[in-house]
Amino acid sequence: MKEFVGAGLALPDFRRGKPRRYIKEDEMRAEKMDLDRVQVDALQELCNIGMGHATTALAQIVGKTIYFDVPRVIKSNISRVPELIGKADEIVVGIYLRFQGPITGNILFIFPRESVLLLREIITGNKSRELIFDEYQTSLLKELGNILAGSYLSVMEKLLGMNLIQSVPWFAFDLAGAIIDPILIQLGKDTDQIVVIEAEFFIRESKDLRGKFYLLPDPNSVLLMLKALGLGA
Amino acid sequence: MKKEVRIKISEYCLAPESEIIKSYGLGSCIGLALWDPKKKIGALAHILLPSSRNSRPRAGSARYASSAVSLMLEEMIKAGCRRDRLVAKVAGGANMFPARFNPAADGPGLNIGKRNIQAVRRALARKKIPIAGQEVGGEIGRTIEFNPQTGELRVYKSTGEVKII
């Protein structure tokens, strides 16, 4: 008999009469924090709408249609987060912001090297293949992060009914694992298990322009977010 | 080809001379290597935070500088190493977002990299383990590779340089 295995699906095993769950380990649906399916969906939808606005802003800047994948809500142990972000030893550009208000958390954009070159070419017309981050170029990327995060947060403000203040953006061009370090340190002070909301965006014409968006709410803020959505425990 | 063991954040691992321990993408985290030159046994830890004093999660992991040092020491002594032979090598502790320091918003000493380095040095001094080499601070990420056969800690910087300590 053929066995149907689907990631993230709960399939009953009829032969033995007991339910079996096929859930990828790193997608363990927020078990210790007791997030149920509805709550996970709510967080996913929140990110979905936010990404819609952020990618619209990006589309207006680069003049191309931006697509994004369905956001993933991942409950993960802190030590596994660098693997979720990608290869820990890949050199990427990271733009990082913190937001504060009734809820607090971190927003991180990760752009692979090629995407940064392409973004720079589209925005400034600079066709060089070299990556030198002078003040102008880092400022350009930071501002981009600022605009994207701003449009994302404005959606969260509306949906959650909260005022959120974002910090200035910080920029790093380094190993992906190293960039995520300071954020994990911030989160790791309070807990082992954190919720990562991830979405990938790209343009269809060329695979080269793609980036990843991460929302990492501080541990207590996840429950506050759910409460604001009317799904609190 | 030697067997490679990979450790993640807040993990540590003991290895005999036939193996190599690697840890990828150290930013503000610390990679701490302990080595017994005679037994050729080494251990590597990926430390996230300086201390567990203000932190809730379990202290019994290599997440914190102090608990990592005592855990590694305990395991190494169990494996037949002697405390007076041990030497330490330290890498990491960078400040990844340099402009980040903002005393008004985040309280003093947000430069967690520096605090991590200090905490590891203190923890080592308490156990009287000398530091044989270090490659710490700065604003760069590092990937490290520890070879218990030679005691070499290879530090691959994100700038492309390689430093052996």
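Two residues are in contact if their C-beta atoms, placed from the backbone, lie within 7 Å. With that in mind, welcome to a predicted model, in which local features need pLDDT of at least 70 and side-chain atom pairs count only at pLDDT 80 or more, while totals for chains, interfaces and linings use all residues. Residues are numbered from 1 along each chain as its sequence is written, and chains are lettered from A in the order in which they are written.

**The core**
- B:Val120 touches B:Ile30, B:Leu32, B:Ile47, B:Ala65 and B:Val90, leaving aside residues up to four places away in sequence.
- B:Val120 is also among the residues with the most contacts inside the largest nonpolar core, which has 113 residues.
- Such a core is a set of buried Ala, Val, Leu, Ile, Met, Phe, Trp, Tyr and Cys residues joined through C-beta atoms within 7 Å, where buried means that 20 or more other C-beta atoms lie within 10 Å of a residue's own.

**Where the chains meet**
- Chain A brings 25 residues to the contact and chain B brings 27 residues.
- On the chain A side, helix H5 (176-188), strand E5 (91-100) and strand E8 (170-175) each supply at least two residues.
- Helices (H or I, at least four residues) and strands (E, at least two) are DSSP runs, numbered from the N terminus.
- H5(A) gives the most to this side, with nine residues.

**Confidence**
- The model scores ipTM 0.80 and pTM 0.80.
- Over residues 101-109 of chain B, pLDDT stays under 50.

Definitions and conventions
pLDDT = per-residue confidence, 0-100. Buried ≥ 20, exposed ≤ 12 C-beta atoms within 10 Å, placed from the backbone.
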